[in-house]
Amino acid sequence: MAVRKVAAMGNPILYRIAEHVADPTDPKIARLVGDMKDTLIDIGGSGIAAPQIYESLRVVVYRFSARLDDNVEELDDPWVTLVNPVLTPVGDEMVSGWERCLSIPGLHGKVPRHKSLTMTYQDLSRTEITVEASGALATLLQHECDHLDGILYPMQMPDISKLEFNTEPGHLAQDIADGVKVWPVLRDLVDAWPARELWFKG
Ligand code: NI
């Protein structure tokens with residue numbers, strides 16, 4: 001187990017189609033997953049895809065947190081490992097929300113995502129699992145699985161003006177002022193923004 005370096009936007013590894021994992025029970029995959037967990041813990045993130053640590057394989061690791069599930073305190077093990085995940089949108093409804101990415105430090109952006117989806121994947125024992133997801137979890141899954149297809153969240157943004165520095169969260173602050181619900185980690189950015197009082201009085 002080890003904390004690994006995270007590839008940043010611009011590195012070619014992030015734009016490749018990652019390879020299908022032939023054998024999820026291969027100990028190499030378990031070691032990779034261990035490194036992905038260690039790296040997430042070290043950075044304090046929620047989800048990571050293998051290409052982000054320079055392994056072009058279809059593996060995603062995420063952990064349930066309060067922002068994904070209100071019942072998170074009841075979970076013995078918040079970690080989920082996805083091998084060869086396949087997402088299928090349910091319905092046409094899209095929702096736009098603010099996202100961040102370990103490979104794009106210092107920025108956040110507003111991205112449209114399918115509201116609901118079905119996901120089929122294998123676990124490390126090669127068991128095939130199908131789950132339904134909506135809301136914040138569906139958004140996280142689309143973000144992470146996009147990494148397996150060489151897609152970073154700005155590539156999904158129809159309005160690139162909604163890509164901004166964490167230190168200048170103007171559009172995000174406007175959304176919050178308009179009553180849009182955002183994750184606490186994003187609200188913290190606005191609370192910590194010195195210019196807030198200048199642009200958002202009252
Ligand atoms: Ni990401």
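**Notebook: helix α4 and its surroundings**

I began with the axes of α3 and α4, which come within 10 Å and cross at roughly 110 degrees. Axes are lines fitted to C-alpha atoms, for helices over the stretch in contact, with angles from 0 to 180 degrees between N-to-C directions. The two helices are therefore roughly perpendicular to each other (65 to 115 degrees).

I note that this is a predicted model, in which local features need pLDDT of at least 70 and side-chain atom pairs count only at pLDDT 80 or more, while totals for chains, interfaces and linings use all residues. Residues are numbered from 1 along each chain as its sequence is written, and side-chain values use heavy atoms, with hydrogens and water left out.

I then listed the contacts (heavy atoms within 4.5 Å). Leu 172, Ala 173 and Ile 176 of α3 meet Leu 186, Arg 187, Leu 189 and Val 190 of α4. By class, this contact has 6 nonpolar, no polar and 1 charged residues; Ala, Leu, Ile and Val are among those counted as nonpolar, and Arg among the charged.

I next looked up burial in α4 (184–191): Leu 186, Leu 189 and Val 190 are buried (under 20% relative accessible area, 1.4 Å probe, protein chains only). They cover an arc of only 95 degrees around the axis, which puts them on the same side of α4; the arc is that of the directions from the helix axis to the C-beta atoms. The buried residues of α4 pack against β4 (94–99), β5 (107–114), α3 (170–177) and α5 (196–199).

Finally, I followed the strands. β4 and β5 run antiparallel, joined by 6 bridges, and Met 94 stands opposite His 114 in β5.

Notes: Buried < 20%, exposed > 50% of the residue type's maximum accessible area, 1.4 Å probe, protein only. Helix = DSSP H or I, 4+ residues; strand = E, 2+ residues; numbered from the N terminus. Parallel < 35°, antiparallel > 145°, perpendicular 65-115°, else oblique. Pairing = 2+ DSSP bridges.
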